[in-house]
Amino acid sequence: MANPEHMEMQQDIENYKTMTGKVHLVDREAKPHMENYSAGVKHYDQEEYALAIESLERALRGYYTADVECRVMCEGPQRFEEYEYLEYKADLYEAIADHYMQILVCQHECVRELATRPGRLSPIENYLPLHYDYLQFAYYRVGEYVKALECAKSYLLFHPDDEAVLENADYYNSLLEETMDPETIKPREEAAKFLRRHKLESDLLQMGATGLGFVYTEPSYWSSSGARQDEHRVPSGVNSELADGPALSLGKKPAPKVDRELREGGSLLYSDVQFIYNSQQLNGTQRVLLDNVISEEECQELRRVANGIVLAGDGYRGKSSPHTPNEKFEGATVLKALKFGYEGRIPLRSARLFYDVSEKARRIVESYFRLSSTLYFSYTHMVCRTALPGQQEKRNDLSHPIHADNCLLDPEASECWKEPPAYTFRDYSALLYMNMDFEGGEFIFTEMDAKTVTASIKPKCGRMISFSSGGENPHGVKAVTKGQRCAVALWFTLDPLYRELERIQADEVIATLDQEHLGASDLNINPKDEL
């Protein structure tokens with residue numbers, strides 16, 4: 001459940017459900033307060049505000065209970081892992097202070113622990129304040145304006161400069177001022193008490209760090225960038241019900257943030273390459289669809305290369321069906337192609353073609369997205385997916401589950417966690433297709449929910465789809481139900497530290513081949529280089 005993209009586990013669960021008798025599945029890692037929060041957000045998104053309030057209030061109660069339990073678990077004997085135990089020379093007062101600081105740091109970090117979903121490393125941004133943000137609008141929608149104002153003021157304890165919620169609070173004041181004094185409505189005591197304690201702990205840690213000589217940096221536990229971003233952030237109807245109320249700017253929920261300037265529409269560099277769709281036409285961000293990137297003859301030659309070099313499970317530790325048991329997955333790298341060409345197992349010019357078309361794709365992507373720094377290869381892979389006979393009836397899985405290329409997609413939380421084991425250094429991706437004589441296998445983009453399809457692309461020879469690699473572009477591949485689907489898969493990085501090692505070695509091989517006066521014996525290819 002911490003890995004919702006794991007197709008084999010999903011299929012195992014479905015098999016368990018079909019077993020004789022009733023199977024009751026229990027998530028042993030589930031955090032009740034987080035389950036209630038997720039349920040509340042779902043009800044909120046479906047505009048079931050009374051149910052949202054019930055779940056979110058239960059989530060808050062659970063959160064504060066879990067906070068007490070988390071803090072208790074920090075109590076214990078002093079830890080000496082970071083010290084040479086026999087050389088520990090603190091006096092009595094230093095040892096007591098050191099022990100207290102250990103406990104205090106642990107308790108202070110409960111904020112992060114309680115906001116982190118099982119199996120994840122990063123917490124949900126702005127987790128605790130978001131409860132009050134959702135509740136302030138939900139209470140408004142059910143007509144409980146006192147509680148709406150109370151929750152808005154509770155949220156403002158965490159983010160006193162949040163303009164949208166400040167406007168909400170003013171609006172709730174206007175609804176109540178004829179019947180009562182809104183100033184008598186205070187933030188919730190548990191939120192105020194929690195923040196007072198948190199601030200005191202922070203001050204003590206800073207003081208302790210100075211006195212004991214260790215470095216302590218206060219983390220950003222409640223980032224305002226994690227604020228709720230939907231059309232209900234400010235109550236609808238403010239303009240009509242309050243003449244002097246703030247103007248609204250309502251719109252679609254924005255795509256996940258990308259940590260660089262977004263540009264596109266640059267030159268395609270090659271006259272034969274045909275522009276098909278841009279990001280807007282593909283209903284997303286940093287997307288482009290191109291045709292005629294390679295010719296029909298080049299596609300046929302690359303297919304022959306694939307038939308000669310691809311290995312089952314390549315890139316997936318030899319697992320022939322890493323994504324679905326209903327297809328065989330095969331792949332090969334550029335360096336392997338050049339090695340096979342040098343050994344005479346495939347034509348050397350065909351191996352060189354694989355190298356050249358991948359470089360052509362890199363140059364197009366770098367130019368079209370108008371990147372201000374060099375785009376490097378992080379991985380180059382020729383891949384083929386083949387439908388296995390006799391396993392295609394009643395098939396309901398994907399050839400490649402919905403995912404993002406540089407973060408861990410979490411559809412339930414509408415987040416994409418940029419943390420290991422994701423390839424966080426990837427910045428752009430591209431797929432260059434080699435054929436269309438198969439059934440199924442459409443490439444799809446989805447929303448963050450991994451269900452709502454925003455664009456579907458049918459592969460064909462010479463077609464290339466390219467896009468930024470982050471959570472703004474969840475994507476996958478529909479089941480290949482007949483035949484074999486082949487493509488050159490390309491991932492790029494803007495960080496030279498993460499350049500593909502095999503690509504660097506392939507560059508050296510190509511440079512050597514270009515020196516016509518050198519003999520084949522001078523190539524010095526080490527077969528182990530591809531491992």
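Guide: A salt bridge is counted when a side-chain nitrogen of Lys or Arg lies within 4 Å of a carboxyl oxygen of Asp or Glu. By that rule, a search of the whole structure finds 26 salt bridges. This is a predicted model, in which local features need pLDDT of at least 70 and side-chain atom pairs count only at pLDDT 80 or more, while totals for chains, interfaces and linings use all residues. Residues are numbered from 1 along each chain as its sequence is written, and side-chain values use heavy atoms, with hydrogens and water left out.

Visitor: Why is the contact of R188 and E150 called a salt bridge?
Guide: The N to O distance is 3.0 Å, and the limit is 4 Å, so the pair counts. R188 is in the loop between α8 (163–176) and α9 (189–212), and E150 is in helix α7 (residues 145–158). They are 38 residues apart, and the pair links distant parts of the chain.

Visitor: What makes C70 and C110 a disulfide?
Guide: The two sulfur atoms are 2.1 Å apart, and the definition asks for cysteine sulfurs within 2.5 Å, so the pair qualifies. The structure holds five disulfides. In this one, C70 belongs to helix α3 (residues 49–73) and C110 to helix α5 (residues 110–114), 40 residues apart. The angle about the S-S bond is -90°, and the link is left-handed.

Visitor: How do you know that β2 and β13 pair?
Guide: Pairing requires at least two bridges found by DSSP. Strand β2 (residues 287–291) and strand β13 (residues 464–468) have four, in the antiparallel sense, so they pair. L290 has M464 in β13 as its bridge partner. The names come from DSSP runs numbered from the N terminus: helices are H or I with at least four residues, strands are E with at least two.

Visitor: Which order do the eight strands of the open sheet follow?
Guide: The order is β1-β2-β13-β9-β16-β5-β4-β3, with antiparallel pairing. β1 (274–277) and β3 (311–312) are the edge strands, pairing on one side only. Helix α11 (residues 296–309) packs on this sheet and touches strands including β3, β4 (327–332) and β5 (376–387). Contact here means heavy atoms within 4.5 Å. The direction of α11 makes about 80° with that of β5. Such angles run from 0 to 180 degrees between N-to-C directions, with axes fitted to C-alpha atoms, for helices over the stretch in contact.

Visitor: Why is one side of β6 and of β12 left without a neighbour in the sheet?
Guide: These strands belong to an open antiparallel sheet of four, in the order β6-β14-β11-β12. β6 (398–403) and β12 (453–457) stand at its edges with a single partner strand each, so one side of each has no neighbour in the sheet. Inside it, strand β11 (residues 443–446) runs antiparallel to strand β14 (residues 475–478), joined by three bridges. F443 stands opposite V477 in β14.
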